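Please open the structure in the viewer and keep the selection tool at hand.

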Amino acid sequence: MEVRVDNAKCQGHAQCAAMSDDFFELDDLGFIVTISGAVPVRSEDRARLGADACPERVVSVEES
Ligand code: F3S
């Protein structure tokens, strides 16, 4: 699985990190700093939850 993060669209809602703070990291102002790339198997379920939780659709997942 890969996660796609359109960092420039982030509005700081922090719902992604609320679902998975071990995968989605925020900066001091609450904006996502996680970048696009492969998702570790252990984080796949929470990556999906975080993607679904973002109201700005900043995060999406692509199943491989
Ligand atoms: Fe940003 Fe969406 Fe997370 S707006 S902080 S990517 S919930």
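Begin by selecting Gly-12 together with Gly-30 and Phe-31: Gly-12 touches both of these residues, when residues up to four places away in sequence are not counted. The model in view is a predicted one.

Remain with Gly-12 and display the secondary structure. Gly-12 lies in the loop that runs between β1 (2-5) and α1 (15-19).

Gly-12 and Glu-62 are 50 residues apart along the chain, and their C-alpha atoms are separated by 23 Å.

Now turn to the aromatic rings. How many aromatic pairs does a search of the whole structure find? The search finds 1. To see this pair, select Phe-23 and Phe-24: their ring centres are 5.0 Å apart and their planes stand at 85°, so the arrangement is edge-to-face. Phe-23 counts as buried, at 11% relative accessibility. Phe-24 is buried as well, with a relative accessible area of 1%.

Finally, select Glu-44, which is located in helix α2 (residues 44-53). With a relative accessible area of 19%, Glu-44 is buried, since the limit for that class is under 20%. To conclude, show Met-1 and Val-39 alongside Glu-44; Glu-44 touches both, again leaving aside residues up to four places away in sequence.

Key
Residues are numbered from 1 along each chain as its sequence is written. This is a predicted model: local features need pLDDT of at least 70, side-chain atom pairs count only at pLDDT 80 or more; totals for chains, interfaces and linings use all residues. Side-chain values use heavy atoms; hydrogens and water are left out. Helices (H or I, at least four residues) and strands (E, at least two) are DSSP runs, numbered from the N terminus. Contact means heavy atoms within 4.5 Å. Rings of Phe, Tyr and Trp (its six-membered ring) pair if their centres lie within 6.5 Å; planes under 30 degrees apart count as stacked, over 60 as edge-to-face and the rest as tilted. Buried means under 20% relative accessible area, exposed over 50%, partly exposed in between (1.4 Å probe, protein chains only).
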